[in-house]
Amino acid sequence: MAQEKLSGIYDAKFVSDGIEGTTRLYYDFSWFDKDSAIYNHMLGRFLAQMCCVGYDGHIEDETKSTGYFYAKPNLTVTLQELGFTDVQVNPTAKRDEVVYFIARRDVTLESGTYNLIFTGFIGSYTKQWFSNFDPIGLERECNDGKGYAGDEEKGIIHLGFADAREYVYGKLTDYIERHPSEHETKIIIIGHSRGAATANLLAAKLIKNGGFENLPLKNENIFTYCYATPNGVLMEKVEILDEYKRIFNYVSPEDFVTVCLPESAGFGKYGTVLKILGDDNKSPRNYSEEKEFMQPYFLESFGMNTYHPFRRGNRAVKKVIDALAKELHTVEDLYEKPLRECFKTVTPYEYFRDTLCAYVAGAETEEEQEAVDRAMKLLIESSVDYVGTSPAYRITSAFFVFKEGIGSVTGNRLLKTNFSESHRPHTYAAYLLSMSEEQLMANTYAGIENEE
């Protein structure tokens with residue numbers, strides 16, 4: 001019966017970071033009877049909430065009914081309640097891959113009956129952080145170190161994200177083979193963080209190629225909404241098609257992930273960029289009001305603690321990016337430029353690999369725990385080292401230590417969560433639920449050139 005419903009309300013449950021949340025979904029499948037190039041704010045809100053549900057904690061699947069050792073039960077139930085069938089969820093993934101889900105349903109709209117495929121890609125899972133900071137694929141692990149995308153696009157797009165794109169392209173191709181339809185196909189593509197970068201590159205590939213090898217798609221039927229999208233394209237090296245504007249990317253001026261790797265090294269995004277409000281450099285009063293409006297959604301809708309904003313808006317993030325921009329002018333600089341860290345010379349790639357990536361990737365072995373401990377020590381020491389550490393590293397380390405609380409340097413008395421909370425899918429969803437389309441569009445620009 002649920003499959004026949006085209007609109008309704010559903011309270012979707014999920015577990016994120018051990019916290020149970022519920023978000024009320026308002027959905028209407030008539031949204032997909034329009035050209036995907038037309039921005040739909042209600043759809044953007046709904047899909048932001050689905051990203052949150054996509055982060056549902058995975059549990060062991062003793063029956064192995066999904067084909068994997070783990071399952072995301074709340075995500076699966078939500079997709080089924082929305083009328084989707086043939087749900088495929090991969091809740092874990094390796095370094096060069098990405099966590100994903102795929103589902104489908106038939107929808108009968110005014111213009112006809114369609115096969116609607118819904119696919120979503122979730123943010124970095126453990127060691128994928130190493131791939132996020134490896135745009136030329138220097139240390140790939142999958143496919144005998146060749147990754148999934150090969151080297152044809154090296155120096156053109158971020159190969160760490162391109163590997164994830166090709167990984168899910170293969171999964172979707174197989175899914176299409178196993179679930180053929182007599183109806184014309186529309187596809188919804190969403191993602192957050194690494195998943196947003198994956199969605200961004202996948203949509204661009206489908207738009208340029210006219211769909212999959214085994215399933216042609218009209219551009220008007222490719223609906224792509226990306227949240228907290230990292231920079232994954234070397235903009236001067238790629239062809240920018242006007243059709244890419246139908247790829248919508250939400251970014252926050254407070255979110256470090258959306259601006260690193262920096263534009264100074266040539267990186268950007270395909271499509272249209274939509275800035276959620278929060279740029280205090282334009283209006284401090286509005287900045288305060290925006291937080292007041294979004295807090296209820298962050299707290300009540302997602303079962304999260306009170307949102308902890310940066311005290312001065314995006315200035316902390318801008319300080320880091322400006323420091324990195326002084327040193328990184330090309331992608332080669334990331335791998336080759338020698339800078340000082342605690343009196344040792346390391347490249348920016350080595351700095352990120354051995355500090356942030358090692359710290360957030362987690363530890364399943366004794367060796368990995370030692371890497372986490374070293375990363376914590378390096379971050380803390382370099383954050384206050386004005387003599388033996390280059391400003392780019394010192395300022396970046398200080399950002400992670402004092403804006404997140406890495407290493408509990410304050411003894412948990414003043415633990416900060418600005419960095420992670422500014423990046424959460426819950427934050428993006430809360431902002432969008434509290435904002436009108438007019439407010440959002442006041443900060444929109446075309447994603448090809450910097451707004452300024």
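This is a predicted model: local features need pLDDT of at least 70, side-chain atom pairs count only at pLDDT 80 or more; totals for chains, interfaces and linings use all residues.

Visitor: Where does arginine 95 lie, then?
Guide: Arginine 95 is in the loop that runs between β5 (85-90) and β6 (100-109).

Visitor: Is that arginine 95 buried or exposed?
Guide: Arginine 95 counts as buried, because its relative accessibility is 6% and buried means under 20%.

Visitor: What is arginine 95 in contact with, apart from its neighbours within four places in sequence?
Guide: Its contacts include Lys127, Gln128, Phe130 and Ser131. Asp134, Glu139, Arg194 and Tyr349 are also among them.

Visitor: Let us step back. How many helices and strands does the chain have?
Guide: The chain has 15 helices and 18 strands.

Visitor: And what share of the residues is buried?
Guide: Of the 452 residues in the chain, 56% are buried. The chain exposes about 19,500 Å², and carbon and sulfur atoms supply 49% of that area.

Visitor: What share of the contacts comes from residues 24 or more positions apart?
Guide: Counting contacts in the chain with a separation of 6 or more, 69% are between residues 24 or more positions apart.

Visitor: Now the helices. How do α10 and α12 pack?
Guide: Helix α10 (residues 348-360) packs against helix α12 (residues 391-402) at an angle of about 20°, and their axes are 12 Å apart. That angle makes α10 roughly parallel to α12, because angles under 35 degrees count as roughly parallel. The crossing of the helices α10 and α12 is right-handed.

Visitor: Which residues meet there?
Guide: From α10, Pro348, Tyr351, Phe352 and Leu356 meet Tyr393, Thr396, Ser397 and Phe400 of α12. The residues of this contact comprise 6 nonpolar, 2 polar and no charged.

Visitor: What about tyrosine 359, is it buried or partly exposed?
Guide: Tyrosine 359 is in helix α10 and counts as partly exposed, at 24% relative accessibility. Its C-alpha atom is separated by 9.4 Å from that of leucine 379, which is 20 residues apart from tyrosine 359 along the chain.

Visitor: Why is α14 described as largely enclosed?
Guide: In helix α14 (residues 425-434), 10 of the 10 residues are buried, so the helix is largely enclosed by the rest of the structure. Among the buried residues of α14 are Pro425, His426, Tyr428 and Leu433.

Visitor: A change of topic: which residues have a positive phi although they are not glycine?
Guide: Two examples can be given. Aspartate 86 has a positive phi of about 50°, and alanine 228 has a positive phi of about 60°.

Visitor: Where are aspartate 86 and alanine 228 found?
Guide: Aspartate 86 is in strand β5 and is partly exposed, with a relative accessible area of 34%. Alanine 228 lies in the loop between β11 (222-227) and β12 (233-234), and it is buried, with a relative accessible area of 0%.

Visitor: Finally, is the peptide bond from cysteine 260 to leucine 261 cis or trans?
Guide: That peptide bond is cis, with omega near 20°. Leucine 261 lies in the loop between β13 (247-251) and β14 (267-268).

Methods: Residues are numbered from 1 along each chain as its sequence is written. Side-chain values use heavy atoms; hydrogens and water are left out. Axes are lines fitted to C-alpha atoms, for helices over the stretch in contact, and angles run from 0 to 180 degrees between N-to-C directions. Helices (H or I, at least four residues) and strands (E, at least two) are DSSP runs, numbered from the N terminus. Angles under 35 degrees count as roughly parallel, over 145 as roughly antiparallel, 65 to 115 as roughly perpendicular and the rest as oblique. A crossing is left-handed if the near helix is turned anticlockwise from the far one by less than a right angle, and right-handed if clockwise. Contact means heavy atoms within 4.5 Å. Ala, Val, Leu, Ile, Met, Phe, Trp, Tyr, Cys and Pro count as nonpolar, Asp, Glu, Lys and Arg as charged, and the others, Gly among them, as polar. Buried means under 20% relative accessible area, exposed over 50%, partly exposed in between (1.4 Å probe, protein chains only). Accessible areas come from the Shrake-Rupley method with a 1.4 Å probe; for residues, only the protein chains shown count as cover.
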